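Subject: Structure handover

Hi,

Here is the structure for you to look over. My notes come after it.

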Amino acid sequence: MSKSIRLYSFDIPSELDSKMTPQIVQILGGISESGNSEFQESELKTLINELAESGKLKTRQNPWRIFQYYRANMISAGICKMSNSADDSQEVSEAVNQ
């Protein structure tokens, strides 16, 4: 049985909610700057770690844990969608075969 790959897609509004924490804003800013809106979990993890190393994400904790902590907030705000590639195999095959 193959392990499903978690996929993340982001729809970042031009105006972010003023109630969002600085770390969410830093993460979303880094994602926007990357020019990508869809990531496999491993790619997103790398990007989040790079944001912390470059100082764009300010944290003393593990950067991926910070993302995971705020993930539910971003999903409920409609900014982030998370899915497993196994769940989307029908959609992926349709997109590939177009």
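Below is what came out of the analysis, residue by residue.

First, the ground rules. This is a predicted model, where local features need pLDDT of at least 70, side-chain atom pairs count only at pLDDT 80 or more, and totals for chains, interfaces and linings use all residues. Residues are numbered from 1 along each chain as its sequence is written, and side-chain values use heavy atoms, with hydrogens and water left out.

**Y8**

Y8 sits in strand β1 (residues 6-10). Strands here are DSSP runs of E, at least two residues, and helices are runs of H or I, at least four, numbered from the N terminus. Y8 is buried, at 1% relative accessible area. Buried means under 20%, exposed over 50%, and partly exposed in between, with a 1.4 Å probe and protein chains only.

Beyond residues up to four places away in sequence, Y8 touches a list that includes S37, E38, L44, C80 and M82. Contact means heavy atoms within 4.5 Å. The Y8 side chain also makes a polar contact with the side chain of R71, at 2.8 Å. A polar contact is a pair of N or O atoms within 3.5 Å; within protein, one must be able to donate a hydrogen and the other to accept it, and residues adjacent in sequence count only if both atoms are side-chain atoms.

**Aromatics**

The whole structure has six aromatic pairs. One of them is Y8 with W64, edge-to-face, 6.4 Å centre to centre and 90° between the planes. Y8 is in strand β1 and W64 in helix α3 (residues 63-76), so this pair ties together parts 56 residues apart in sequence. W64 is buried too, at 6%. Rings of Phe, Tyr and Trp (its six-membered ring) pair if their centres lie within 6.5 Å; planes under 30 degrees apart are stacked, over 60 edge-to-face, the rest tilted. Y8, F10, F39, W64 and F67 make up one aromatic cluster.

**Q23**

Q23 belongs to helix α1 (residues 22-34). Q23 counts as buried, at 16% relative accessibility. Its side chain reaches the backbone oxygen of K58 at 2.9 Å.

**N84**

N84 is in strand β3 (residues 80-84). N84 is partly exposed, at 26%. Its C-alpha is 5.5 Å from that of I5, 79 residues apart along the chain. The C-alpha atoms of N84 and Y8 are separated by 8.7 Å. Leaving aside neighbours within four places, N84 contacts S4, I5 and R6.

Best wishes
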